[in-house]
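Please keep the structure in view while reading.

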Amino acid sequence: GDGILIAGALGNVVRGANSVSFNAVGVRILDAAATKLAEGNRVEANLVSENDGEGIVVAGGAFHTIGGAGLGNTITLNGGDGVSLRTSGRNLPVGNLVRGNLIGTDASQSPLGNGGRGVHVGGGSANVVDQNTISDNVAAGVTVAGSSANVIGSLNVGRGNRIVGNGSGVEITDVIDGTTATTRGNRVTGNTITHSAGDGVTVSGARTVSTVIGMTSAAGSMSGLGNVIRDNVGVGITLSSAAQQVSMQGNSVVDNAGGAIVRTAGTNAGAATPRVQSVQMFTPSRSVAQLAVRGTLTGVTAGQQYQIDVYASKPEDGNGDVYGGRTYLGRATVSARNPGTLAYSIQVPAGTAALGDIVTVMATTLRTPANTSSAFSAGQAIVLASPSVSGAAFAALAGPTSGTGSKTARGRGAVVG
């Protein structure tokens, strides 16, 4: 049976020094019936280990807290998922918080794992998974299936999850219990996702739409909330099975053996294909070093606006045989008057980038279908502008206007630092 069962009850607290082991399920919070909702229960600072199935299950119900600041549970060596938030009949998991737990490891960072996923969110909406260490689980670190408006990570800098050494990192899918369901508006932000046996992040399914991986197109307000996705055996980010409107801005994606970003056919329809032709470094009078980046977007749509994010990597970096982006530098917005190819010339601060570093770009749509990102472009090395030019003379770096039915977008006015 269950080690601890809370059925159709409100406001209970299971806290402190409980060792919940050797049960079918460690702790289960259950909506007993439509008229007996479980709501607002807390499971804090317990050891939940070596149960046959899941460690902690929330089956329906709302606003439960698993862990908390300084009150995290240690959830290891269970036969199934570490934590599972899932439907119970018609009752959905809504507004639950999984915070500050050790899931698959302990305070000594031992690789203990769980037999399934670290955290599973199946159905429902508006659940938050943040500030956890999710490590060495057999399946994904976190799976979101048929569920919407969840946050995996945090909208506050430094409060994401550490997702390390799992079968895969984070999976967002529209498949739940053998069927598909709308999976909309989920965010994966501010996490460190490393050393997975598979991909770092996977987004799949034709009913999976409007997913944000990293920061958003909003200027400045999401700065610093990109994920660190590196050293995974598979691909850094994979889009498959017709997933749409996936934004992938502001992430550090480097040293993933299977590649940086892979988009299978039919995913992120409407994304342009970016190219970098040249990157020149110059220092305007009484200012900091800048990069003048020139290139093209192909497959643009008339009337669409594109946000171009600029990244720098070291020459020794790689994702398989391609570059991704180690460091996010800045962004600019360009507009396409006509379909076809848009030539751009933009300027961003050089930041920590040095001569010889490799620059890549990513293009994301701002109008319908909005928030649709490309993969990274191929890279170009930074060279010194010669002769050195000032900001006022930046347009001279762009060369003549070019492109198929579109004019070159240029100038510092487009830059969002």
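In this predicted model, strand E3 is joined to strand E6, which covers residues 47-49, by 3 bridges, and the two strands run parallel. Within this pairing, Ser21 has Ser49 in E6 as its bridge partner. Strands of a sheet pair through backbone hydrogen bonds, in either a parallel or an antiparallel manner.

The pairing of E3 with E6 belongs to an open sheet of 9 strands with parallel pairing, in the order E3-E6-E9-E12-E15-E18-E24-E27-E30. At the edges of this sheet lie strand E3 (19-21) and strand E30 (252-254), each of which pairs on one side only.

We now turn to the aromatic rings, where the count comes to 2 aromatic pairs. One of them is formed by Tyr311 and Tyr328, an edge-to-face pair with 5.7 Å from centre to centre and 65 degrees between the planes. Because Tyr311 lies in strand E34 (residues 305-313) and Tyr328 in strand E35 (residues 327-335), this pair ties together parts that are 17 residues apart in sequence. Tyr311 is buried, with a relative accessible area of 0%, whereas Tyr328 is partly exposed, with a value of 22%.

Tyr311 also forms an edge-to-face pair with Phe376, at 5.1 Å centre to centre and with 85 degrees between the planes. This pair links distant parts of the chain, 65 residues apart, since Phe376 sits in the loop between strand E37 (358-365) and strand E38 (380-384) while Tyr311 is in strand E34. Phe376 is buried, with a relative accessible area of 13%. Taken together, the ring pairs link Tyr311, Tyr328 and Phe376 into a cluster.

Methods. Residues numbered from 1 in each chain as written. Predicted model: local features only at pLDDT ≥ 70, side-chain atom pairs only at ≥ 80, totals over all residues. Heavy atoms only, no water. Pairing = 2+ DSSP bridges. Helix = DSSP H or I, 4+ residues; strand = E, 2+ residues; numbered from the N terminus. Phe/Tyr/Trp six-rings, centres within 6.5 Å; stacked < 30°, edge-to-face > 60°. Buried < 20%, exposed > 50% of the residue type's maximum accessible area, 1.4 Å probe, protein only.
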